[in-house]
Amino acid sequence: MKADNDLYRKLRALSATQLWQEEVPKFNRASDVDRQRQVGLIRAVGVVFSTTQHLALKAEVVVWMKGLLNDPSEKVRRYAMAAIPKLGGDVESEKKILSIIQTSQVDREKRKAGAALEKIAGEETLKAVAGKKDALPFSEHKVRANVARRDGPGKIRMDSILDRYDTLRISLRCRRGLEATLAEEVKDAEAKGGKFRLLEVRGSHVVVAAKAPFTLAELYQLRCFDTVGFGLGRVRDPQSSDAIAGLAQLIGSELTERLMSHYTDGSWRYRLAFSGSKNRDEEVQEIAKAAFKVNAKILNDPIEAPWSIDVFVAPTAAIVELRPKVSPDPRLAYRLNAVSAASHPPIAACMARLAGRQDNEVIWDPFCGSGLELIESAILGDVKQLVGTDLSESAVAMTKANFAAAKLAGVKGAFYTSDFRNFNAIPELARGKVSLIISNPPLGRRVRVPNLHGLFEDLFKVASEVLRPGGRLIFVNPVRVEPQDKSLRRTYRQEVDLGGYDCKMEMYVKI
Ligand SMILES: C[S@@+](CC[C@H](N)C(=O)[O-])C[C@H]1O[C@@H](n2cnc3c(N)ncnc32)[C@H](O)[C@@H]1O
């Protein structure tokens with residue numbers, strides 16, 4: 001085994017052409033015994049050709065690999081069966097592998113054949129499942145998921161109306177610290193005739209109910225949440241032996257089926273994800289198998305599934321939610337490009353909302369990057385002028401492109417490659433003209449900033465110069481720096497999770 005692995009690692013480093021033109025012919029010429037010693041080559045060929053651009057060569061490799069399924073050596077056949085899914089698999093290999101399951105006397109070989117079919121199975125395998133009473137060495141639900149994915153990978157339907165919504169609890173999840181802002185957004189939207197009513201704020205999510213039939217597109221008009229999950233229910237005592245059956249019932253429930261049937265175009269497939277980091281692969285398999293028995297239309301499949309079923313485990317109960325994997329996010333259609341340190345979009349939307357609205361806003365982001373805070377602010381309306389500055393020319397180009405793509409009618413944009421301290425040279429930033437400074441500045445984490453404290457001292461100085469009376473400064477403050485100028489009064493401070501680390505979001509008003 002170690003020798004097989006060593007050979008595999010050595011050969012894996014070779015190019016596709018070297019493998020095919022030098023190593024494969026040697027393998028083909030070798031004696032039966034020697035070929036068994038060289039199975040590492042089969043594995044290396046599978047891996048290297050899984051990503052190769054040499055498509056003509058790959059077609060030859062596929063033929064060779066299928067030929068190995070007839071090899072007299074069980075070990076060679078087994079390695080070929082492991083490699084075939086990496087190359088894509090086809091009906092011919094599926095049929096051959098099925099016949100190995102029927103004829104092989106070796107359990108290990110049958111198991112490997114089953115594992116390969118779980119990845120490449122199609123109609124042939126389904127026929128075999130239908131005609132077979134005895135246990136087969138593969139999971140029927142995986143085979144069905146595989147076939148379903150091939151036939152219609154499925155995507156989330158944003159415009160389909162869910163008409164039976166009465167007891168539905170919808171969890172809007174956001175970054176910790178921003179729940180109150182998200183709850184305000186829901187309340188504001190409801191006051192303006194929106195279809196969602198705030199039920200409660202729980203941990204780092206906000207629970208809403210629908211008041212009328214609704215589409216996901218309508219839910220995605222709210223901008224401050226990150227993901228949405230439909231509550232499927234909870235399982236008490238998640239460590240108990242009954243928990244698996246309880247989870248399976250929720251996954252296979254009428255509610256899951258109703259949501260999936262309304263909101264999916266294509267197969268109803270879900271990935272099962274547990275909160276926390278512990279590897280729960282075995283448990284996931286058991287739950288998926290049990291859920292398939294409850295409802296065979298709903299299929300567990302981690303590959304490109306349009307849904308995720310998220311299990312949030314607490315000591316006394318596990319909460320189960322069905323989350324549509326909405327991609328691309330329609331709220332970010334304007335984001336053609338992003339800097340590497342780009343803001344998390346819902347945080348930018350929360351900052352824009354926290355800043356509130358004044359008449360004829362002139363808004364400046366001194367560190368605009370790709371412009372998310374500016375654009376999210378303008379989407380809220382009543383904005384006359386956006387101004388962005390950034391040291392990086394390419395960042396400014398991104399902001400310009402994103403701003404154009406956002407098609408913000410009546411909003412002027414002026415974007416400059418400049419250190420924010422040089423604001424005096426920018427006509428739109430004349431003293432006392434700016435009503436809002438909004439920014440996610442460099443935090444000194446991914447890119448070192450020489451004098452981070454100094455940068456924030458300067459930001460406060462600049463803000464007190466350019467802001468008009470009543471103007472606001474809202475930003476993420478990673479350091480303990482306060483304004484020297486007492487005309488900037490802090491009105492908000494909240495610790496926010498910026499993706500694994502906490503920072504203070506602060507707002508100051510120029511009095
Ligand atoms: C965290 S990123 C901003 C991300 C932006 N909000 C977005 O969503 O893309 C910080 C930006 O500050 C810029 N920057 C750093 N120091 C600066 C300075 N002194 N003046 C202007 N921009 C600066 C960097 O080039 C970087 O693009």
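Visitor: Which side chain has an N or O atom 3.3 Å from a nitrogen atom of the ligand?

Guide: Keep in mind that this is a predicted model. A polar contact needs a pair of N or O atoms within 3.5 Å. The pair in question is 3.3 Å apart, and its protein atom sits in the side chain of Asp419.

Visitor: Which residues have a backbone N or O atom 3.2 Å from a nitrogen atom of the ligand?

Guide: Here the backbone takes part. One such atom belongs to Leu391, which is also listed among the closest of the 22 residues that surround the ligand. The other backbone atom belongs to Phe420.

Visitor: How much of the ligand's accessible area does the protein cover?

Guide: On its own, the ligand has 610 Å² of accessible area. The share of this that the protein covers is 89%.

Visitor: Now the domains, please. How much area do domain 2 and domain 3 bury between them?

Guide: The domain assignment gives domain 2 as 170-324 and domain 3 as 333-510, and their C-alpha centres lie 34 Å apart. Their contact takes twelve residues from domain 2 and 19 residues from domain 3. Carbon and sulfur atoms carry 56% of the buried area, which comes to about 1300 Å².

Visitor: Which residue meets Asp188 in a salt bridge?

Guide: The rule finds three salt bridges across the interface of domain 2 and domain 3. The side of domain 2 that touches domain 3 has three nonpolar, two polar and seven charged residues. A salt bridge calls for a nitrogen of Lys or Arg within 4 Å of a carboxyl oxygen. At 2.9 Å, N to O, the side chain that meets Asp188 is that of Arg353.

Technical notes:
Residues are numbered from 1 along each chain as its sequence is written. This is a predicted model: local features need pLDDT of at least 70, side-chain atom pairs count only at pLDDT 80 or more; totals for chains, interfaces and linings use all residues. Side-chain values use heavy atoms; hydrogens and water are left out. Domain bounds come from an automatic or database domain assignment. Contact means heavy atoms within 4.5 Å. Buried area is the accessible area (1.4 Å probe) that two parts lose on being put together, summed over both. Ala, Val, Leu, Ile, Met, Phe, Trp, Tyr, Cys and Pro count as nonpolar, Asp, Glu, Lys and Arg as charged, and the others, Gly among them, as polar. A residue is near a molecule or strand if one of its heavy atoms lies within 4 Å of it. A polar contact is a pair of N or O atoms within 3.5 Å; within protein, one must be able to donate a hydrogen and the other to accept it, and residues adjacent in sequence count only if both atoms are side-chain atoms. Accessible areas come from the Shrake-Rupley method with a 1.4 Å probe; for residues, only the protein chains shown count as cover.
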